[in-house]
Amino acid sequence: MNALTASAAIATGRVQLANVRQSALVTARLRALWIMVLFVFVTLTACVRIAQLGLFERTPERASLAEALLPSRGEITDRNGIALARAFASYSLWFNPKALGEGGAPLVKTPEEVARALVGIFPDADYTDLVARLKAGKPCYLRRRVLPEDANRVFALGEPALEFPREEQRFYPQGSLAAHVLGYVDEAGKGHVGMEQVLEPRLLDPAYRGTPTALSIDARAQGALEDELGRGMMETNAKGAAGVILDADSGEVVALASLPSFNPNRSDLAYNDLVFNRVSNQVYELGSTFKPITIASAIDAGVVTDLATRYPSVPFQIGKFTIHDSHNFGTSLNVPEALIHSSNVVLAHVADLLGPVALKHTMEQLGMNERPTIELPARGFPLWPRGGSEGGKGDWARLTTMTVSYGHGIAVTPLHLASAYAALVNGGIWRPATLYKVDPAHLAPGRRVFQASTSARLRQLLRMIVVDGTGRKADAPGFRVGGKTGSAEKPGSGGYRKTSLIATFAAAFPMDKPRYVVIVMLDEPQATQQTSGQRTAAWNAAPIVGRLVPRIGPMLGVVPDAHHDVDISDLSPLVGSGEGE
C-alpha cells in the first residue's frame, strides 16, 4: 500500500473515531439530561406532597401522638366523675380457618373436640353454635371481650386457627347500673337506645372524646333506686317497675331505672325486650297521682277558694258511666279529705266546676300532650283524650274532664308525672327534664304553670297525705316526705281489667323546701304476704319510697331534721277519719 493510500486510511479512521466520540458524548449528555429531569420531577413531587401535608392534612405529630393517646370512644361519667362507660382494650377470640394454609384443614382436632374445650373455658358458651361455626369453615368471631387468662387457656389448646386480635371494646364498669340511661354499643361500634346513641357524634369526635361527658345521674342514688325497685318487684311479684328521681328546681334526672334491666356489656342486645324503657317510652294511666294536679288547677282558677267547702262523695252517674270510690267515705268530703282518702267522686265534682278548658290547658302546660322532654331517643307519645289533639282545638267532654281529673282516660309516662310534680312543689315552674349535668347559673327558663301561693298550698296537702292519708307508708322520719298514691286498673280489650293494676307513688322531699321528686311505679303487683294481701299503691309503691328516701337523702345533701316540717296546723282541723287506696 503506497503512502497516499495509507494517509487516506488514517484520515478515515480518525473521522470514524471522532464520530464515535461525538455519539458517546451526545448519549452521555442525554442520559444526564434524563437524570436531571427525573431528579426535578421527584423533587417537585416531594415538595407538592409536603405542601399538601402541611396545608390540608393533620401533622404526623397530631395523628401519631395526641390522637393516638385518645380513647376510641369518649368516656361517660355520672355527675361526680364515676365512670359509667369507657373504651377498653381487650382480646377477642377469632376463628381463622386459613391459618394452616389454603389447602390444609382448618383445625388440628375435630370441631366437636374444640367446641367442647371452649365450653370448658367459657361455661356460658353454646356448644351447638360453636360446632356449627367451626364446621362452616368461615372466618368469624367466636367470642368478644376475652380475659387474658382465658386467652392463655385457649392458646394452650394448640389450635393455630384460634387467634386473639386485640381490639377496643365498650366497657360498662358498673354493669347493668343505669343501663336504660346509657344504652349500649353494638359490635360495629354504633351506639343504641340511650345516651350512647344521643352522644355518638361527640364521643367519636377527636376534639371532644378526650374529655369525659358528665351526665346528671348520681351513681349512688341510681344504685339505691334500682335496689329498692327490685326489692319491691320481688315482694309483689310485679311484672315490671319504673322509677325516677328528679331535681325539683333544675329538672336534672338524678336517677332513672326501668326493670327488668339488662347488662350493656353483652353483645346480643339488638332484639332484647329488656332494653325497653318504662320511664320514658311506655305510657300508663297513672290514676290518683293526677288529683293534686287537678286541685292545683282549681285553686289557681279560683274554683277552690275555701278548703273547708264540702262536696258530695256518694256515687253518681254520668250517662252510662258511674263514678264511685273504693270505699264509703260518707256523704261529703272537703278537699283535704278528698286527697287524703283519694276520692274520685269529689275530684269529679271539682273538675266539673273547673271545666274542660282550664283543666286541658293545665295538662298542656305540663307537657302531658306531647312526648316527654328528655334527650333519650325513645320517648312515648301520650294517649291524649279525644276532643283536643296536640296543641289542637276542641274541648273535652264533661265525662272526659271528670275522669282525667283522677288520672283515667289519659296515659302518660312516669317521666311526665315527675316533671309535673316538680312544678307542683317548686313554686309553680315547669322545666324540661334533662340527663345533662346543669350549671345552677344556667337553668332552663321554664314556664309558670301554677302560682307560687298555690304551690305552697300543695306542699301542705301532699305532706298531709303522707302524715294522715294513703301515703303513710312512704313517711321517712326527718325527711318530710309528701306525695300521692295512685292505683289504676289497666285497660284491656274488654274494658278495664280489675285484676291488673298500675301502682304509683309520686313524692317530693323535704316538703318545707323541696329538693327532689321521686316517682315509683309497679306494673301489675300482686297481693302477697309482704303487702298484707293488698295490691294498691299505699301497700306496695309507698313503702318503696319510705325505704328509698333515707338512703338517698344524705347522699344528695338532705340531712334528716326532726325539728323542721311543713306547717299544716291550719288544715289539720279540717280532716276527719276514713280509708283510701
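1. The buried residues of helix 17 are A541, A542, P543, I544, V545, G546, L548, V549, I552 and G553, where buried means under 20% relative accessible area, exposed over 50%, and partly exposed in between (1.4 Å probe, protein chains only). Helices (H or I, at least four residues) and strands (E, at least two) are DSSP runs, numbered from the N terminus. The cover over these buried residues includes helix 9 (219-236), strand 9 (240-247), strand 18 (495-509) and strand 19 (516-523), with contact taken as heavy atoms within 4.5 Å.

2. This is a predicted model, in which local features need pLDDT of at least 70 and side-chain atom pairs count only at pLDDT 80 or more, whereas totals for chains, interfaces and linings use all residues. Residues are numbered from 1 along each chain as its sequence is written, and side-chain values use heavy atoms, with hydrogens and water left out.

3. Helix 17 (residues 541-555) has 15 residues and, at 1.5 Å a residue, should span 21 Å, which agrees with the 22 Å between its end C-alpha atoms; the expected span is 1.5 Å times one less than the number of residues. Just after helix 17, G557 takes a positive phi of about 90°.

4. A search of the whole structure finds 28 salt bridges, each defined as a side-chain nitrogen of Lys or Arg within 4 Å of a carboxyl oxygen of Asp or Glu. One of them is between the side chains of D565 and R463 (3.0 Å, N to O). Because D565 lies in the segment after helix 17 and R463 in helix 16 (residues 452-468), this pair ties together parts that are 102 residues apart in sequence. D565 is partly exposed, with a relative accessible area of 41%, while R463 is buried, at 7%.

5. The side chains of D512 and R480 also meet in a salt bridge (3.1 Å, N to O). D512 lies in the loop between strand 18 and strand 19 and R480 in the loop between helix 16 and strand 17 (482-492), so the pair ties together parts that are 32 residues apart in sequence. D512 counts as partly exposed at 32% relative accessibility, and R480 as buried at 9%.

6. Elsewhere, salt bridges that share partners join D227, E228, R231, E235, R547 and R551 into one network.

7. The backbone has further points to check. Most residues other than glycine have a negative phi, and most peptide bonds are trans. In this model a cis peptide bond joins L259 and P260, with omega about 0°, and another joins F509 and P510, with omega about -20°. P510 lies in the loop between strand 18 and strand 19. S532, in the loop between strand 19 and helix 17, has a positive phi near 55°.
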